[in-house]
Amino acid sequence: MTNEELITAIGKVEAEAETRQGAQYVETTVPAARMYDFMNQLKQDKTLAFDYLFCLTGMDQADHMQVVYHLESVLHKHVLVVRVKTADRENPVLDSVSDIWPTAEFHENEVYDLLGIRFNNHPDLRRLFLDENWGFPLRKDFKDDIHIVSR
Amino acid sequence: MAELKEVMITTDDIKTDEYLVNMGPQHPSTHGVLRLLVQLEGEIVHNVQPHIGYIHSGIEKMTESLSYPQIGHLTDRMDYLSAHMNNEAVALCVENALQIEVPDRVKYIRTIMAELSRLASHQLWWCVMGMDMGALTTFFYGLRDREEILDIFEETCGARLTVNYSIPGGLMFDIHPNFQRDVKAFIKKFRTKLPEYDRLLSGNVIFTERTKGVGFLSREDAIAYGVTGPTARASGFACDLRKHQPYSAYSKVNFNEVLSDVGDTYARYQVRIQEMWESMNIIEQLIDNIPEGDYAMKMKGVIKLPEGEFYQRVESARGEFGVFIVSDGKKNPYRVKFRSPGFSNLFAINHIAKGWKIADLVAIMSTFDLVIPDIDR
């Protein structure tokens, strides 16, 4: 499937998805409320078949949080970048995709640990690296006077 | 005198409780500070929950206050056994973002160094694999050969482990005048030494009994759990990025992607042994053809990436290593994410080890070739 065909196919799956050709991969943004169904379709649809989630990144974007999913189809060899924004910055919540791609379970744990994004229906949401007394260090307003020297 | 009565014990009286055992964080077969919380019934593993974070170094946070050439130095410290591939990933990502193409000489040298790293990494894996199975001799054999690669590294860039040789725009130094001679001598010698590995361990009855038919991972599960590298290729998942998305000089060489469809511990062992042969083939095709030219491009003193998101995937010794740079146009990145192969691989262990014995868990762990700083980063 070429990138143009991929963009049309994604438009058919989810009308609210904003899809465009990025510098490297096809990128799409979906509303948080629609993301779980959309992701499930990406995996189940035979022509898309995105079965390999190779990267899951959380980001602090000043007024909201964002999670970026890098997906690849092993069969069709196409790659898609899915972007989901949270409504709230202080208490961000998204749906978990760990039952679609099991590898997401631990990547979501990592995102929760470092950015404080909570995932609905996650089987075991826990802090992975740090203990409970820490804040969320990858947030841009994180302050640590002892360990971070700002110039 | 009281009469002694024989006490009868039937198996119905013996009850086994499920109990939790901490394996690690100081355990020889976890290869670093990794704690596995193992739920056992007798010897049978019911559940494995990995606990990490003992050496979390906050590299992703640190990168946000560093410049792009400085980030390369940190990636050495993540997966220190494939330090060169990690450097290369950052260098390639920055070069792609700036849309520059490095000279062919750089590409060739990077590929040779990456394959030497892979050889050194697989040799060390073979050492500790034997050790985990109780064969101490493998450690001496493996380290003997690895030493020669580290000597080549030292001669080339001054460091033996954290090489930091690839930088955005090229290489830190040109190769040493003896580089080609030494590499060729090493390959010639190692071609006679690698069959020794097979004679020592691959056919050993104790070793094969503990690895053949133990710890299966299916192709579908490998993909679903994001398992990559030799571990996934042993399950038939063709994920070698050198073959499928060639970077540097990989498009100019002929080599086979080593695959197996068995998916057990022994298959993962064999795939890594075969990959060592393939690495030697790649080096031999390149070593005599290194083109003349510059070893680095002239770069600006302060590298600023254009606004946007950049992703680069490379094949490290453990699997797919990804660098995701989000730039807002300044000299520091806005956010950097390292997709480390060990992280995804580690969490597939629970799925594989369920139902096997605790001794099998040790065998499964060693074929996953975990490097803890890579997971904990």
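Begin by selecting strands S6, S7 and S8 of chain B, which form an open, antiparallel sheet of three strands in the order S6-S7-S8. Strands here are DSSP runs of type E with at least two residues, helices are runs of H or I with at least four, and both are numbered from the N terminus. Two strands count as paired if DSSP finds at least two bridges between them. The edge strands are S6 (308–316) and S8 (335–339) of chain B, each of which pairs on one side only. Neighbouring strands of this sheet are turned by 10 degrees against each other on average, direction ignored; axes are lines fitted to C-alpha atoms, for helices over the stretch in contact, and angles between N-to-C directions run from 0 to 180 degrees.

The model is predicted: local features need pLDDT of at least 70 and side-chain atom pairs count only at pLDDT 80 or more, while totals for chains, interfaces and linings use all residues. Residues are numbered from 1 along each chain as its sequence is written, and chains are lettered from A and ligands numbered from 1 in the order in which they are written.

Next, select B:Val323 and its bridge partner in S8(B), B:Phe338. Five bridges join S7 (residues 319–327) of chain B to S8(B) in an antiparallel arrangement.

Move to strand S1 (residues 18–23) of chain B. Six bridges join S1(B) to the antiparallel strand S2 (residues 35–41) of chain B; B:Met23, for instance, has B:Leu36 as its bridge partner in S2(B).

Now turn to chain A and select helix H3 (residues 104–115). Of its 12 residues, 11 are buried, among them A:Phe106, A:Tyr112 and A:Leu115. Their cover includes S3, S4 (65–72) and S7 (118–120) of chain A. After H3(A) comes A:Gly116, whose phi is positive, near 75 degrees.

Finally, display both chains together. Their contact takes 20 residues from chain A and 23 residues from chain B. On the side of chain A that touches chain B, strand S3 (residues 52–60) of chain A gives the most, with six residues.

Notes:
Two residues are in contact if their C-beta atoms, placed from the backbone, lie within 7 Å. A residue is buried if 20 or more other C-beta atoms lie within 10 Å of its own, exposed if 12 or fewer, and partly exposed in between; C-beta atoms are placed from the backbone.
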